[in-house]
Amino acid sequence: MLNRKAFLLTGGLALAGITAAIVVAQPSEAVGLLTPDDAEVVAMGKNIYADQCAACHGTRLEGQPNWRTRGKDGLLPAPPHDATGHTWHHEDETLFTLTKYGLAGLMENAPPSGMPVYEGVLSDEEIIAVLSFIKSTWPNDLREYHDKLNARSE
């Protein structure tokens, strides 16, 4: 029969082993500003996207037709934010800056763009929620690629 001290020690080790297994089984922490695994943030972002973004970028994040070809107005149509687009090619800071300030936030003498500036329209938290929602829809391989992109930019 085990004495109390030995029982507590073996019970503690067994519990530590279970805890370690649970920790190992958890997904890795997201890298960057976005939190695509936070259900509350993603739900808020989905609602804001529907209200602020879907009219141009599509209700299914599919973008506008011929999004790579400038229209008669000289502007590029809204790109998709799903796996077929290029959103996942840009790290979080670039996506955030583009959404908040438009192209002018990324470059001097920015060309005209149909993308509205959301500074003063959406809070930083709301922009991050929308971008987190978008990322939450990507397949795992693109999310992993995007996490690595963010890790390199930190």
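Guide: A search of the whole structure, which is a predicted model, finds zero disulfides.

Visitor: How do you know that cysteine 53 and cysteine 56 are too far apart for a bond?

Guide: A disulfide is a covalent bond between the sulfur atoms of two cysteines. To be counted here, the two sulfur atoms must lie within 2.5 Å, whereas the sulfur of cysteine 53 is 8.7 Å from the closest cysteine sulfur, in cysteine 56, and that is too far for a bond. Seen from cysteine 56, the closest cysteine sulfur is in cysteine 53, again at 8.7 Å.

Visitor: Which of the words buried, partly exposed or exposed belongs to cysteine 53, and which to cysteine 56?

Guide: Buried means under 20% relative accessible area, exposed means over 50%, and partly exposed covers what lies in between. Cysteine 53 has a relative accessible area of 13%, so this residue is buried, while cysteine 56, at 39%, counts as partly exposed. Of the 154 residues of the protein chain, 31% count as buried.

Visitor: What kind of elements is the protein chain built from?

Guide: The protein chain has six helices and zero strands, and reading along the sequence therefore gives the pattern α-α-α-α-α-α.

Visitor: Why are helices α4 and α5 called oblique to each other?

Guide: Two packed helices are described by the angle between their axes and the distance between the axes. For helix α4 (residues 92-101) and helix α5 (residues 124-136), the axes come within 10 Å and cross at roughly 125°. An angle from 65 to 115 degrees would count as roughly perpendicular and one over 145 as roughly antiparallel, and α4 and α5 are therefore oblique to each other. On the α4 side the contact is made by Leu95, Phe96, Thr99 and Lys100, and on the α5 side by Asp124, Ile127, Ile128 and Leu131.

Visitor: What makes threonine 99 count as buried?

Guide: Threonine 99, whose place is in helix α4, has a relative accessibility of 13% and so falls under the 20% limit for buried. Leaving aside residues up to four places away in sequence, threonine 99 touches Met115, Pro116, Val117, Tyr118, Ile127 and Leu131.

Visitor: Why are α2 and α5 described as roughly perpendicular?

Guide: The helices α2 and α5 pack at an angle of about 100°, with their axes 7 Å apart, and because angles of 65 to 115 degrees count as roughly perpendicular, that is the term for this pair. Among the residues that meet are Val41, Met44 and Tyr49 in α2, and Ala129, Val130 and Phe133 in α5. With a relative accessible area of 67%, which is over 50%, glutamate 40 is exposed.

Definitions and conventions
Residues are numbered from 1 along each chain as its sequence is written. This is a predicted model: local features need pLDDT of at least 70, side-chain atom pairs count only at pLDDT 80 or more; totals for chains, interfaces and linings use all residues. Side-chain values use heavy atoms; hydrogens and water are left out. Helices (H or I, at least four residues) and strands (E, at least two) are DSSP runs, numbered from the N terminus. Buried means under 20% relative accessible area, exposed over 50%, partly exposed in between (1.4 Å probe, protein chains only). Axes are lines fitted to C-alpha atoms, for helices over the stretch in contact, and angles run from 0 to 180 degrees between N-to-C directions. Angles under 35 degrees count as roughly parallel, over 145 as roughly antiparallel, 65 to 115 as roughly perpendicular and the rest as oblique. Contact means heavy atoms within 4.5 Å.
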